[in-house]
Amino acid sequence: MNTIDIYLNELDAKLEMSQRHRRVILNEVREHLLDAATREISLGAPANIAEVNAVKAFGSVQQIAEGFNACEGAKATKQAPFITVVSGVLVFSACLAVAWSQPRNSSVASLFQQVTFFISVLAVQVALVSGLCGASRICSRWKSLESSGRDRVYVRRAMLISLRSLALGVVAISSNLLFDAIHNKNSNRMVIALSILVMISVAATGLLKLSRIKINSLFELEESAITPIPRVFTLGETIIGVIKVHPKVSLLCVATVAGLSAMNKAETNTLQQALPWGIAEVIATLLGFYLLGPVLNLRESHTDSAEII
Amino acid sequence: MSNQQIKGHLEAMVLAILESGPAHGYSIIESLRSESDGLFDLPEGTVYPALHRLEENGLIKSSREVVDGRERRIYQLVPAGLGSLKESRAAWQAFSSAVSRILVVNPS
């Protein structure tokens with residue numbers, strides 16, 4: 001085995017991408033190294049020395065693999081929000097299908113239904129906030145040729161939180177619908193069963209696809225040059241910046257709106273019955289901001305938890 | 001000149017080289033070296049990820065050609081790449097003239 005083949009084998013082992021893409025890269029590198037070796041030979045170098053010089057001038061296997069892997073990781077990072085958005089839209093559509101197909105029921109929902117509905121709403125809220133955070137970062141870097149390893153880590157983390165929350169929401173709302181199908185004789189059981197099947201399949205597929213995405217962030221974590229982009233693309237990042245600067249005011253506004261909204265949506269008949277859900281929503285919002293704030297870069301962290309992938 | 005400094009402008013330089021016509025990776029690297037009088041002496045392999053990034057972002061396109069029995073990947077500038085090159089040129093001219101003004105006006 002000659003020097004070029006050894007180099008290509010080592011590079012092959014370090015490239016983190018599909019086999020087809022690896023083959024394209026390795027063919028291209030082989031052609032380059034053969035050209036470089038031929039040039040060395042034409043200048044009078046012996047064949048074995050020419051190959052060594054060609055490989056040396058090309059760069060270390062680690063450095064070159066990092067470059068290709070980062071490039072592939074950047075591509076994968078842009079796919080992540082699409083997977084999350086498609087999953088979210090499909091789950092939401094399935095929920096709408098159930099809502100439209102069920103007969104009107106004027107009786108007060110049971111405690112189990114209220115709890116599962118509350119959990120699903122909370123989970124969807126977390127999914128939405130995390131998804132928006134990840135999508136904001138992607139939008140603000142959309143025109144930049146390179147995305148830094150830090151950006152890729154952030155987007156992957158935000159999207160995974162988003163899809164995990166969506167999956168939790170699916171489980172909660174599925175339990176709610178199952179309960180309804182069992183206890184309400186007038187419910188459209190066929191639509192409920194189909195919707196549950198669609199929601200669980202979509203959430204599981206999305207989560208699986210996202211967790212398989214290799215963003216290769218550990219190869220380089222330094223910041224990359226950011227290409228200037230129209231302000232509309234950086235709107236999300238600007239809002240995140242404002243939240244970070246004024247966390248208490250932002251949290252107060254969000255918690256108030258969320259609490260009132262929860263009371264409005266609670267399937268209860270009186271204000272007194274709705275009040276606990278409003279309070280629970282405010283507590284959940286505060287807790288969510290405290291726990292997820294540093295991870296989603298919405299507030300400063302006193303620990304290094306934000307760096308954990 | 002440090003590799004990091006070159007890296008920040010590598011894509012724009014590759015686009016500029018491809019402006020004069022399609023080329024394969026090896027000849028792009030040769031052009032980079034000769035046009036810079038040997039100043040840009042990056043590890044040759046670092047240019048290929050840049051080429052892949054440019055292609056991924058729709059600024060260049062590649063095609064495969066067989067030359068002398070060997071398969072070559074030829075890169076070619078597309079209109080979006082030309083637009084990006086014009087933007088990079090304008091940004092560089094503004095940046096370099098500003099730096100020059102400061103360095104020339106304030107010699108040590």
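Colleague: Which strands of chain B does helix α2 (residues 19–42) of chain A lie across?

Modeller: Helix α2 of chain A lies across β1 and β3 of chain B, at about 100° to β3(B). Axes are lines fitted to C-alpha atoms, for helices over the stretch in contact (heavy atoms within 4.5 Å), and angles run from 0 to 180 degrees between N-to-C directions. Helices (H or I, at least four residues) and strands (E, at least two) are DSSP runs, numbered from the N terminus. This is a predicted model: local features need pLDDT of at least 70, side-chain atom pairs count only at pLDDT 80 or more, and totals for chains, interfaces and linings use all residues. Residues are numbered from 1 along each chain as its sequence is written, chains are lettered from A and ligands numbered from 1 in the order in which they are written, and side-chain values use heavy atoms, without hydrogens and water.

Colleague: Happy with that! In what order do the three strands of the open sheet in chain B come?

Modeller: Strands of a sheet pair through backbone hydrogen bonds, either parallel or antiparallel. Here the order is β1-β3-β2, with antiparallel pairing (at least two DSSP bridges between two strands). β1 (23–24) and β2 (60–67) stand at the edges with a single partner strand each, so one side of each has no neighbour in the sheet. β2(B) and β3(B) pair over eight bridges, and B:I60 stands opposite B:L77 in β3(B).

Colleague: And how much area do chain B and chain A bury between them?

Modeller: Interface size is often given as the accessible area lost when the parts come together. Here about 2,300 Å² is buried (1.4 Å probe, summed over both parts), 53% of it on carbon and sulfur atoms. In chain B, B:Y26, B:R53 and B:R70 lose the most area to chain A.

Methods:
Buried area = accessible area lost by both parts, 1.4 Å probe.
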